[in-house]
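Please open the structure in your viewer and follow the stops below in order. Each stop names a selection and then describes what is found there.

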Amino acid sequence: MTLDFLNKFKDPDLCRRLLARLEEVCGEPLRFMEVCGTHTVAIFQSGLRSLLPKNIIHLSGPGCPVCVTHESEVDAYLDLAGRSGVVIATFGDLMKVPGGGRRSLKAAQAEGARVEVVYSAFDALELAARTPDAQVVFLGVGFETTAPTTAATVQMAKARGLTNFKLLSFHKLVPPALEVLLSDAETAIDAFILPGHVSTIIGLAPYGFIAERWKRSAVVAGFEPVDILQALLDIALMREAGEPRVVNDYKRAVDDNGNPRARAVMADVFRTETALWRGLGAIPDSGLALRSEYADFDAKACFDIEIVESPPLAGCRCGDVLKGRINPTQCPLFAKACDPAHPVGPCMVSTEGSCAAYYKYNTD
Ligand code: SF4
């Protein structure tokens, strides 16, 4: 029954009809950006990218949390990984991400640093409970999708008095980055396909500025081919009508109001601060830092961590890829010095990174 339901969103006949309608409606070139690593992969994996009408231009944005983690943030956690009495708990994706000096956690681990791969923030909390002789530092990366579970874990650590659990928070918020992208004349974005997962938490309201101030349309979309094509058709129709709006086409998963309970947990634990994004630079109010009530769990405060801006990786064009200014094949290192087995930048490390998706699926 569930499979039957999901198969409707892959229906080849419906996809063909949507593509034909898109061809009819979209006379002028339309540059759309998706800002979710899962959309990046879905568009390639389904073959949609090669089927879209030629005047619909697909740009991949900063939707991969690992990719937008700034070189300086990587250097900060590498610094921590070298300290005595510290165990780093991290998602596996971060292990190969290079900092400014091209060093990674994997290299630090090989040199003797205590680094454990975990599958959730809660796993890191349990690791802290089992390792009372060490300070267990969880590397918090990701957008509004993962920030609520990190926040809930910090609440649990406080309730259990587990002060050897620490969070190094590099969580980021999507809407401020969209505003930066819209102000980039070089990228010239006409519309966004909005991230389904993030939207389950924040709902539609935080995206209102896209239509109000920037007169662009944006559609929250699911991840099946029909979802993506329907979102593009809605974008094209709104442009034709001259009525830019923010629309939710993913109602089977996303409530227009998002998840107020998850937001309340985030608001209890985090405050916003300026964050550094790889490629996009410093964006005010786009990062999540621990509130003073949770200072005992804040790795930045407890270990006196200062984020010093590191230089971008020499030769790597991840910054321009994340801004949608170039596609990965335009990076001189793509598929030469840089491939998934030997990644130079984070966009080739993560399976949801644009460079890795182009490497695996692109047939342009
Ligand atoms: S191909 Fe490699 S070096 Fe080039 S932008 Fe992508 S990750 Fe960076």
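Begin by selecting the five strands of an open sheet, which follow one another in the order β2-β1-β7-β8-β9 and pair in parallel; strands here are DSSP runs of E of at least two residues, helices are DSSP runs of H or I of at least four residues, and both are numbered from the N terminus. Two strands are said to pair if DSSP finds at least two bridges between them. At the edges of this sheet lie β2 and β9 (246–248), each of which pairs on one side only. Neighbouring strands of the sheet are turned against each other by 20° on average, direction ignored, where axes are lines fitted to C-alpha atoms, for helices over the stretch in contact, and angles run from 0 to 180 degrees between N-to-C directions.

Before going further, note that this is a predicted model, in which local features need pLDDT of at least 70 and side-chain atom pairs count only at pLDDT 80 or more, while totals for chains, interfaces and linings use all residues. Residues are numbered from 1 along each chain as its sequence is written.

Select β1 (residues 30–34), a mostly covered strand with 4 of its 5 residues buried; a residue is buried if 20 or more other C-beta atoms lie within 10 Å of its own, exposed if 12 or fewer, and partly exposed in between, with C-beta atoms placed from the backbone. On one pairing, β1 is joined to β2 (residues 56–60) by 5 bridges, the two strands running parallel, and Arg31 stands opposite Ile57 in β2. On another pairing, 3 bridges join β1 to β7 (residues 191–194), again in parallel, with Ala191 as the bridge partner of Phe32 and Phe192 opposite Met33.

Now colour β7 by side-chain direction: Ala191 and Ile193 point one way from the strand, Phe192 and Leu194 point the other way, and all are buried. From β7, move across to β8 (residues 217–220), which pairs with β7 in the parallel sense over 4 bridges. Here Ala191 stands opposite Ser217, and Phe192 stands opposite Ala218.

Contact here requires that the C-beta atoms of two residues, placed from the backbone, lie within 7 Å.

**The four-stranded sheet**

Next select the open sheet of 4 strands in the order β4-β3-β5-β6, in which the pairing is parallel. Its edge strands are β4 (114–117) and β6 (165–169), each pairing on one side only, and the twist averages 25° from one strand to the next. Strand β5 (residues 135–140) pairs with β6 in the parallel sense over 5 bridges, and Ser169 in β6 is the bridge partner of Gly140. Helix α8 (residues 121–130) packs on the sheet, where it touches β3 (86–90), β4, β5 and β6, and its direction makes about 175° with that of β5.

**Around the ligand**

Which residues come nearest to the ligand? Of the 15 residues around it, they are Cys316, Cys331, Cys338, Gly345 and Cys355, where a residue is near a molecule if its C-beta atom, placed from the backbone, lies within 6 Å of it. The shell divides into 13 nonpolar, 1 polar and 1 charged residues; Ala, Val, Leu, Ile, Met, Phe, Trp, Tyr, Cys and Pro count as nonpolar, Asp, Glu, Lys and Arg as charged, and the others, Gly among them, as polar. Helices α16 (318–322) and α17 (346–349) each supply at least two residues of this shell.

Centre the view on Cys316, which sits in the loop between α15 (299–302) and α16. Cys316 counts as buried because it has 25 C-beta neighbours inside 10 Å. Leaving aside residues up to four places away in sequence, Cys316 touches Leu333, Val344 and Gly345. The C-alpha atoms of Cys316 and Val344 are separated by 6.8 Å, although the two residues are 28 apart along the chain.

**The whole chain**

Finally, zoom out to the whole protein, whose secondary structure comes to 18 helices and 11 strands. Its C-alpha atoms fill a box of roughly 65 × 45 × 45 Å, taken along the principal axes, and buried residues make up 49% of the 364 residues. Among contacts between residues at least 6 apart in sequence, 77% join residues at least 24 apart.
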